[in-house]
Amino acid sequence: MDTVTKLLARAGRTYAEDAGITLKNTPRPLFELLVLTLLSSTRISADIAVAAAKELFQAGWRTPEAMATAPRADVIAALGRGHYVRYDESTATRLREMGERVESEYQGDLRKLAQRADGDAAAAARLLEEFDGIGPVGAGIFLREVQDVWTWLRPFLDKRAQQGAEALGLPTDPEKLGKRADGGGFAPFAAALVRVSLDAKLLDEVRG
């Protein structure tokens with residue numbers, strides 16, 4: 001079993017999938033991914049970000065309108081249930097503001113952000129970074145996860161995925177690496193590379 005096959009077998013799933021997001025090019029799952037992106041943009045583990053996203057979604061805040069109008073105290077409580085406690089108050093504020101911005105700027109539909117980017121990944125990243133709490137790292141997370149839906153981005157690797165590729169001795173150039181992945185989409189492969197960069201045990205298993 002070669003390195004790529006072994007990697008996909010052990011870790012070939014997106015973080016959106018972990019959070020229960022069935023990603024497709026429609027407003028609700030795109031907004032859910034934006035929520036997960038914001039949660040993942042702080043200095044907190046991916047597992048906690050995923051758990052917090054699940055709590056928010058279970059509370060019913062899956063759309064920009066619902067998030068914008070969610071009681072702040074209830075959002076903080078949901079984040080706490082997901083053990084997202086270090087940044088819970090500031091993140092609750094940012095989540096509600098993010099919902100408002102998606103409503104006002106994109107009429108609740110992030111496909112309009114893709115249209116505005118007009119096939120330019122750097123432009124899409126800049127638009128994502130206009131949301132308070134999402135910087136270059138967060139923009140990279142969103143683009144990495146959404147690339148099999150917004151196929152004009154593919155193949156896309158953020159810096160963390162490139163670090164995983166380098167650790168495995170694989171090409172860090174997305175075009176070269178894209179030829180090594182199977183035909184099932186590039187986002188799970190990119191996410192698997194991120195997992196390798198964060199988990200020394202997984203790295204040893206894949207390299208072994």
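**Charges, fold and one leucine**

Let me begin with the charges. The protein chain carries 28 positive and 30 negative charges, and their mean positions lie 3 Å apart. Please bear in mind throughout that this is a predicted model.

I turn now to the secondary structure.

What of the overall dimensions? A compact globule of 208 residues would have a radius of gyration near 17 Å, and the protein chain agrees, because its own value is 17 Å. Along the principal axes, the C-alpha atoms fill a box of roughly 50 × 35 × 25 Å.

Next, the packing and the surface. Of the 208 residues, 48% count as buried. Among contacts with a separation of 6 or more, 64% are between residues 24 or more positions apart. The accessible surface comes to about 9,700 Å², and carbon and sulfur atoms account for 45% of that area.

Finally, I would draw your attention to leucine 79, which lies in helix H6, residues 72-81. Is leucine 79 buried or exposed? Its relative accessible area is 0%, and leucine 79 is therefore buried, the cut-off being under 20%. Which residues does leucine 79 touch, leaving aside those up to four places away in sequence? They are Leu39, Ala52, Leu56, Tyr84, Asp88, Thr91, Ala92 and Leu95. Lysine 179, by contrast, is 100 residues from leucine 79 in sequence, with 39 Å between their C-alpha atoms.

How values were computed:
Residues are numbered from 1 along each chain as its sequence is written. This is a predicted model: local features need pLDDT of at least 70, side-chain atom pairs count only at pLDDT 80 or more; totals for chains, interfaces and linings use all residues. Side-chain values use heavy atoms; hydrogens and water are left out. The radius of gyration is taken over C-alpha atoms; the globule rule is 2.2 Å times the number of residues to the power 0.38. Buried means under 20% relative accessible area, exposed over 50%, partly exposed in between (1.4 Å probe, protein chains only). Contact means heavy atoms within 4.5 Å. Accessible areas come from the Shrake-Rupley method with a 1.4 Å probe; for residues, only the protein chains shown count as cover. Lys and Arg count as positive and Asp and Glu as negative; His and the chain ends are not counted. The place of a charge is taken as NZ of Lys, CZ of Arg, CG of Asp or CD of Glu. Helices (H or I, at least four residues) and strands (E, at least two) are DSSP runs, numbered from the N terminus.
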